Amino acid sequence: MTRPVRPIRARMLLAVWAGKLTGALLRLAGRAGTHVPGKVALAVYPGLMSAIPLPPRVVVVTGTNGKTTTTNILADALHNLGVRVGSNRAGSNLREGIIATLMDGLTVLGRSTIDTAILEMDERSARLVLPGLRPDVLVCTNLTRDSIKRNAHPEYIAWIVSSALSDDTTLVLNADDLITARLGTDANRRVFFGVDALGDESRTPHGVAIDVSICPICDHTLVWDVWRFNHIGKVTCPSCGFRSPQADVRALSVDIASGTMDLAMGDTTTTLPLVNDNIVNIYNEVAVAAALTVLGVAVEDIAAQLASLKPPVTRFADETISGVRILRLLTKGLVGVACSRAFEHIPTIPGRKVVLMAIDEASERVTEVENTAWIYDADYEYLADPTIAQIFVGGIRRHDHALRLAIAGVDPTKIVLVESETGAADLVSLDNVDAVFNLHSVHNALISGNPVQDRLRERLLEKVR
Amino acid sequence: MTVVIEMLFPEIANLHGDNSNIDYLAQSLGDVRIYRTGLNETPRFVSERVDLVYLGPMTESGQIKAIDRLTPHGSRIAELIDSGTHFLFTHNAMEVLGNRISNAEMNYDVPGLGIFDFTTTVNMFGRFTGKVMGTIDELPHAIVGYKSQFSMVSNAPNVAGFLTAERGIGRNRSTNVEGIRVNNFIGTSLIGPLLVMNPYFTESLLSSIDPTREPTLALRELAVAAYDARVRDFNDAARWSQAELLVT
């Protein structure tokens, strides 16, 4: 897998020098400089993506969820195998960040110092990145609903990615996501990864955000052989026989208790540790194995790299004080699907529970009014569970969340409205409670998530004293 | 009376949480029968009494499928609109009833059912997002909602609007006439969902669908509190950007 060497041209060099100089100045000023150097270089030469010298291999990782995890594990694995890797793991995943990473891998004379670029790409940036970059490999972890405002719907994102792909890019795709699995054209080589049926899984989809229900060939209603979440699972069309693609690299079984999975790569099956115990990250780990296969890494080396991953970590901060668990869940406001995954987890924790919820996005508080339609694109129905004794909703959109909870079937007498995002930490009774959930969003993690967590800790420690 | 609601093509018309319009309406009606008619089924409204026909937001390819399935029943839909059957078509659903939908980026230009005299232009790289606050004749309370869409509908001077936007845009950025209101047909590009976000309007709709009963809005106190908070915010000019207002 080798690509033609791009010629060194004066304008390209000028842009790279401008970008590198900007990066150096930013670092001197103590800033990370992962986006601005690329922006400066692109201002000097807007066509830089098509002209910048590339390393021998370029891999792009994209998808709605898991692209950072997948990029990091992939880059680490290759680095540990002695490959000189350039990656934007610490920086921007937009066009500017990708350019900045590629510039970092060049000498001042424009010669590449790395063997392989592993580039995380925001999926909406595909049309600005892929036509010029023409990566050797594109890994897509999944495409599910995201922000209504920015991402519209996953079919739109798939169209953006597909229409920007070149025929010579090998696609590493999630076989269990029919939107992702159909990226590209028949001209693209496709390698699929997936997770086999895991025993007690559902065959009946539920929830508000199911984006694949009909056969892409004949429009007939699909039958789910395995349904996991949203449109992730395995389907068959009873009318025309269409099926989800067979995965080339697949988890045959997963054992959460022992933190392992059996992974089949070609004729070899290996037992490997799980990097994380939730299904999205299990897919990510299998995606890494598939990408390494495509990059020509030997099966035994892939197994050795994945076997050296850190032991499973829980996806949420979880501590117990005075017999009460405090579980902190990042619940990404504005993205219904992400909220559904957090809500789904709550009833699975044993005992009597209370939930403190402040999941509005702080970015829209002052000068806008948040489009709250996403609240109805999330499955609040998971919270209508008899083991949840009370739900405190705080923040500017508390009335909207309260109404949504009640429509979802939560008894209105269990819903407590609190004006501030942090006030519930003082109001909630911690007697006769087994678990308290602290749900916050991305932008208010520091200003609400942290103080709520601290206050709950403080109150429980007072109880101990 | 048992109110009969037909949701058209829920397997493809389910974006943006808008099907909660029907969940909430059903909770308010109590005595209700909901038919969820799939793409490959004949709509109930063709041969049975249906009190409300609902079509929700779709992808661009979904719109084309909806046009394909509804075209054979175009004259029946027109007849039901004329005779006063209730329809609620939200977001891009009403666009299937216009003359054409053009999408240059996706390279198609397809005829719609032609029931209403307007055209739709889809711009895949020009998604419009914004708020709308407007009035309708029968209510003293403002209608509020959100727009998040690739498409704009032409001005269509011969087709009555659903509301007049006092803030935000209408069918496109040059008019404050939003949506369509012909008899009991309501088409609007507002999401939210509309009926959840506008309790007073939903009460009036309940009365209109079933005049034999006093309207009982489910979870009224919570719904009105959320509405009041939103109207307060929408009345704050500082919360509106130039990009979501009419081009003057």
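1. Buried area is the accessible area (1.4 Å probe) that two parts lose on being put together, summed over both. By that definition, chain B and chain A bury about 3400 Å² between them, with 59% of it on carbon and sulfur atoms. Phe125(B), Leu222(B) and Arg239(B) supply 17% of the area that chain B buries against chain A, more than any other three residues.

2. This is a predicted model, in which local features need pLDDT of at least 70 and side-chain atom pairs count only at pLDDT 80 or more, while totals for chains, interfaces and linings use all residues. Residues are numbered from 1 along each chain as its sequence is written, chains are lettered from A and ligands numbered from 1 in the order in which they are written, and side-chain values use heavy atoms, with hydrogens and water left out.

3. The contact (heavy atoms within 4.5 Å) takes 42 residues from chain B and 38 residues from chain A. Four salt bridges cross the interface of chain B and chain A, a salt bridge being a side-chain nitrogen of Lys or Arg within 4 Å of a carboxyl oxygen of Asp or Glu. The side chains of Asp400(A) and Arg230(B) meet in a salt bridge, at 2.7 Å from N to O.

4. On the side of chain B that touches chain A, at least two residues each come from α1 (20-29), α2 (60-70), β8 (128-135), β9 and α6 (220-234) of chain B. Helices (H or I, at least four residues) and strands (E, at least two) are DSSP runs, numbered from the N terminus. The largest share of that side, eight residues, comes from α6(B).

5. The whole structure holds twelve aromatic pairs over all chains. Rings of Phe, Tyr and Trp (its six-membered ring) pair if their centres lie within 6.5 Å; planes under 30 degrees apart count as stacked, over 60 as edge-to-face and the rest as tilted. The pair of Tyr156(A) and Trp159(A) is stacked, because the ring centres are 6.3 Å apart and the planes are at 25 degrees. Both residues lie in helix α8 (residues 154-164) of chain A, three residues apart, about one turn of the helix.

6. Tyr156(A) also forms a tilted pair with Phe150(B), 4.5 Å centre to centre and 50 degrees between the planes. Tyr156(A) lies in helix α8 of chain A and Phe150(B) in the loop between β9 (143-149) and β10 (151-153) of chain B, so the pair joins two chains. Tyr156(A), Trp159(A), Phe125(B) and Phe150(B) form one aromatic cluster.
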